[in-house]
Amino acid sequence: MTAPHATISVSTRLDGNVLFATFNAPPINLIGPEVVRDLVGLLKEVSQPASARVVVFDSADPDFFFPHVDLTKVPAYTAEAAKAGGPGDASLGMLFRKLSEIPAVTIAKLRGRARGAGSEFLLACDMRFASRENAVLGQPEVGIGTPPGAGAIQHLTRLLGRGRALEAVLTSADFDAELAERYGWINRAVPDAELDEFVAGIAARIGGFPRDALIAAKAAINAISLPTPADVRADAALFQQLVRGEATQQRTAELFKRGFQTRGRTELNLGDALGDLKAVD
């Protein structure tokens with residue numbers, strides 16, 4: 001069993017081989033310093049030799065898995081991310097790369113909205129399964145004023161191909177689960193009533209296989225498919241530069257006037273809200 005975390009509740013099943021980790025950071029599960037601190041701690045725990053073979057991530061909030069980062073706390077959550085690898089790796093991108101590299105197999109079970117770094121967290125997981133009726137993915141960063149900085153450019157280009165990755169990133173639009181599945185953003189879109197049983201079954205199946213085989217197979221696939229640390233660091237640096245820029249500040253100020261980072265129409269339909277903002281140079 002892992003240590004308690006303020007924003008992540010955990011439980012183990014199948015003789016400890018499968019761990020279920022549920023994010024719960026009211027009011028809408030923004031990725032802020034508390035979430036990042038708890039994630040750093042959890043990743044250290046599930047990297048131990050005797051830890052669970054499979055980790056399933058989900059959200060306690062049916063509307064929001066992770067809507068995006070808390071844009072009022074970028075320095076604070078970045079400082080927490082640095083604790084996973086040191087000051088030279090002070091970024092969510094490098095923290096999420098560590099998520100991809102842990103020996104446990106990671107599965108994301110998506111209900112609600114996963115945008116920005118929320119989508120990038122899912123992309124860093126080994127597999128992604130989403131509610132057909134109740135899942136939304138998006139990369140809103142360009143619409144706000146900066147390119148994604150925590151893995152979306154790297155992962156989406158590899159998964160979707162150049163054209164579709166450009167569509168996802170440059171339009172900053174919301175994608176429902178069926179379109180995300182068709183594009184390759186997620187493994188499968190599953191009827192909501194079947195999602196829990198489906199994911200639990202896959203986790204149990206994998207969790208019953210030999211640990212050494214799981215670790216070796218995952219490491220081999222990672223060696224082929226993961227971006228280099230240098231590429232991840234470059235994306236993070238560009239995001240951290242432009243998120244402080246004038247255009248980003250203007251657009252986020254307008255979004256905050258409309259209810260950004262609160263439970264309401266703007267966050268529920270962020271793709272539409274970004275398209276409604278006044279164009280800027």
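The structure is a predicted model, in which local features need pLDDT of at least 70 and side-chain atom pairs count only at pLDDT 80 or more, whereas totals for chains, interfaces and linings use all residues. Residues are numbered from 1 along each chain as its sequence is written, and side-chain values use heavy atoms, with hydrogens and water left out. Helices (H or I, at least four residues) and strands (E, at least two) are DSSP runs numbered from the N terminus.

**Packing of H1 with H3**

- Helix H1 (residues 33-46) packs with H3 at an angle of about 30°, the two axes being 10 Å apart; axes are lines fitted to C-alpha atoms, for helices over the stretch in contact, and angles run from 0 to 180 degrees between N-to-C directions.
- H1 and H3 are therefore roughly parallel to each other, given that angles under 35 degrees count as roughly parallel, over 145 as roughly antiparallel, 65 to 115 as roughly perpendicular and the rest as oblique.
- On the H1 side the contact is made by Val36, Leu39, Val40 and Leu43, and on the H3 side by Leu92, Leu95, Phe96 and Leu99, contact meaning heavy atoms within 4.5 Å.
- By class, the contact of H1 with H3 has eight nonpolar, no polar and no charged residues; Ala, Val, Leu, Ile, Met, Phe, Trp, Tyr, Cys and Pro count as nonpolar, Asp, Glu, Lys and Arg as charged, and the others, Gly among them, as polar.

**Packing of H4 with H6**

- Helix H4 (residues 117-124) and helix H6 (residues 152-160) pack at an angle of about 55°, and their axes lie 9 Å apart, so that H4 and H6 are oblique to each other.
- The crossing in which H4 passes H6 is left-handed.
- From H4, Glu120, Leu123 and Ala124 meet Ala152, His155, Leu156 and Leu159 of H6, and the residues of this contact divide into five nonpolar, one polar and one charged.
- His155, which lies in helix H6, counts as buried at 13% relative accessibility, buried meaning under 20% relative accessible area, exposed over 50% and partly exposed in between (1.4 Å probe, protein chains only).
- Leaving aside its neighbours within four places in sequence, His155 is in contact with Leu123, Ala124, Leu226 and Pro227.

**Salt bridges**

- Side chains of opposite charge can pair when their charged atoms come close.
- The structure holds 13 salt bridges, each being a side-chain nitrogen of Lys or Arg within 4 Å of a carboxyl oxygen of Asp or Glu.
- One of them joins Arg97 to Glu101, with the closest N and O atoms 2.3 Å apart; both residues lie in helix H3 (residues 92-101), four residues apart, about one turn of the helix.
- Within this pair, Arg97 counts as buried at 14% relative accessibility, whereas Glu101 is partly exposed, with a relative accessible area of 43%.
- Glu80 forms a salt bridge with Lys83, the closest N and O atoms being 3.1 Å apart; Glu80 is buried, with a relative accessible area of 9%, while Lys83 is exposed at 52%.
- A further salt bridge brings together the side chains of Arg258 and Glu254 (3.1 Å, N to O), and here Arg258 is partly exposed at a relative accessible area of 35%, as is Glu254 at 29%.
- Salt bridges that share partners join Asp58, Lys109, Arg111, Asp192 and Asp196 into one network.

**Backbone exceptions**

- Most residues other than glycine have a negative phi, and most peptide bonds are trans.
- A cis peptide bond, with omega about 10°, joins Pro26 and Pro27, and Pro27 lies in the loop between strand S2 (18-23) and H1.
- Ser172 has a positive phi of about 55° although it is not a glycine; Ser172 sits in the loop between helix H7 (162-171) and strand S7 (174-176) and is buried, with a relative accessible area of 3%.
- Gln261, also not a glycine, has a positive phi of about 70°; Gln261 is placed in the loop between helix H12 (246-257) and helix H13 (265-268), and at 10% relative accessibility Gln261 counts as buried.

Notes. Left-handed = near helix turned anticlockwise from the far one by under 90°.
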